[in-house]
Amino acid sequence: MSEIWERRLEELNKNKLSLAILPTPIQKLDKLSEELGVNLWLKRDDLTGIETAGNKIRKLEYTAAKALSEGAEVLITCGGIQSNHCRATAAVAARIGIRSHLVLRTDEVSPLEGNYLLDKILGAEITFVTRRQYATERNEIMADIAADYEKQGVKAYVIPEGASDGVGNLGYINAVKEITEQEKQLGINFNAIVSAVGSGGTYSGLYLGRKLYALDKEVISFNVCDDEAYFLDVCSRISKDTVDTLGLPIEVSREDMHIIDGYKGIAYAVSTDEELAFIADVAHKEGVILDPVYTGKAFYGLYQELKKGNLKEYKNILFIHTGGLYGLFPKQEQFAKIFL
Ligand SMILES: *Cc1c(COP(=O)(O)O)cnc(C)c1O
C-alpha cells in the first residue's frame, strides 16, 4: 500500500508536461578533479533544450501543467531583463500554444540581446519596470496585468519569480530521483549535490528530494544575491508549501539546509573581471561554458572553498549546471577587456 503523498506525487508526475530533454547527462570534470583533489562531476541541466535550456524548465513542466488544467490562455511571469526563467516561460507558452507576458526589470533602455532578444523572438508581450518597482510591487503589477486579461475574457495564470513555489519545487524533487537512478548506472554515490540559488526553487526541490528519499548526501547552494538568512527563510517557506500541499512526511528545518554565502560578488548579475576570467579558464580546461549570473559564481565559490581545504569530507561532488549561456552575450564588452 502506497502512502497518500506517494499517490499524489505520482499523479503530479504523470500529469506534468514533457518539455525538457531528460535525463540530462552527468560528466566528470577530469582536470579540475585532479587539480582540487576531489571527484567533481557536472550534471548538464544546461542541456534540457535550446529554447528551454536550464533549470527553470524542470519547474515549468509542473507549473504549466497546472496552468493548463486551470484553462490558462496566457502565462504571466517576471524577472530581470536577462532572465532565463522568463525566456523559458516564453518558450513553454509558445510550445503549448498559449500567450506569454513578461514583466522585465531594467532601469535603462536595453539593447535587444541575449535572453531579451529570445523573449521577443518567442513572441512574448513585455512590460518593463524599474528596479524599484520590481522590488516592491512586482506581484501587484502581475496581478494588474492578469486582471486586464481577465477583463478581455482571457484566462491568465501568474507564475512567481523563478517559478519558485510549492509547485515549482517538484521539478528538483524529480531531479533527485533522476540522479539516484544515474548513480546506480554509474556505480557512484554522490556525497554532495551543489548548485546556485537565486529564487530558491532548485535548492528547495533538492532539499526536499534528499529528505523524502532519505539520502545520505548533503545538498549545498551558493547564493548569487541577498544572503544566507534570506535564502534559509525563502527555502523554508516554499519547502513547507510543498510539504503541506502533498502531505509529505518531512520536517522542514533551517538547521539542515546548507547555503554558502560570500560569492555573489559585486551584485546580482554584475560580474567581476575575475569571475569572467574563471569562466574562460573552466571553458578552456574542460570544454564546458558556465554562465556569468549563476553557475559562474556558484562554481567559483565551490572552487575557492575546495582550494581553501573546505568541503573535503565530500569525496564525490555533483555540481548542477543550471544553464544560463545566453546571459554571457551581453557581457561581450567586459570579456573584450579581459582578452586584451
Ligand atoms: C534561475 C537560475 C538559477 C537559480 O535557480 P533558483 O531555482 O531560481 O534558485 C541557477 N542557474 C541559472 C542559470 C538560473 O537561470
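## The ligand and its shell

In this predicted model, a polar side-chain atom of Thr322 sits 2.6 Å from a nitrogen atom of the ligand. One oxygen is 2.6 Å from a side-chain N or O atom of Lys59. An oxygen is also 2.8 Å from a side-chain N or O atom of Asn84. On its own, the ligand has 380 Å² of accessible area, and the protein covers 99% of that.

In total, 15 residues surround the ligand. The closest are Lys56, Lys59, Ser199, Thr202 and Thr322. Two helices contribute to this shell: H3 (56-69) and H8 (201-212) each supply at least two residues.

## Nonpolar cores

In soluble globular proteins, nonpolar side chains tend to be buried together. Here, the largest nonpolar core holds 69 residues. Leu40, Tyr203, Ile220, Phe222, Phe299 and Leu302 have the most contacts inside it. Another core, of 17 residues, lies apart from the largest one. Its members include Leu19, Ala72, Ala93 and Ile159.

What does Ile220 touch, leaving out residues up to four places away in sequence? The list is Ala192, Ile193, Val194, Ser195, Tyr203, His258, Ile260, Leu311 and Tyr314.

## Cysteines without a bond

A disulfide is a covalent bond between the sulfur atoms of two cysteines. The whole structure has zero disulfides. The cut-off is 2.5 Å.

Methods: Residues are numbered from 1 along each chain as its sequence is written. This is a predicted model: local features need pLDDT of at least 70, side-chain atom pairs count only at pLDDT 80 or more; totals for chains, interfaces and linings use all residues. Side-chain values use heavy atoms; hydrogens and water are left out. A nonpolar core is a set of buried Ala, Val, Leu, Ile, Met, Phe, Trp, Tyr and Cys residues joined through side-chain atoms within 4.5 Å. Buried means under 20% relative accessible area, exposed over 50%, partly exposed in between (1.4 Å probe, protein chains only). Contact means heavy atoms within 4.5 Å. A residue is near a molecule or strand if one of its heavy atoms lies within 4 Å of it. A polar contact is a pair of N or O atoms within 3.5 Å; within protein, one must be able to donate a hydrogen and the other to accept it, and residues adjacent in sequence count only if both atoms are side-chain atoms. Accessible areas come from the Shrake-Rupley method with a 1.4 Å probe; for residues, only the protein chains shown count as cover. Helices (H or I, at least four residues) and strands (E, at least two) are DSSP runs, numbered from the N terminus.
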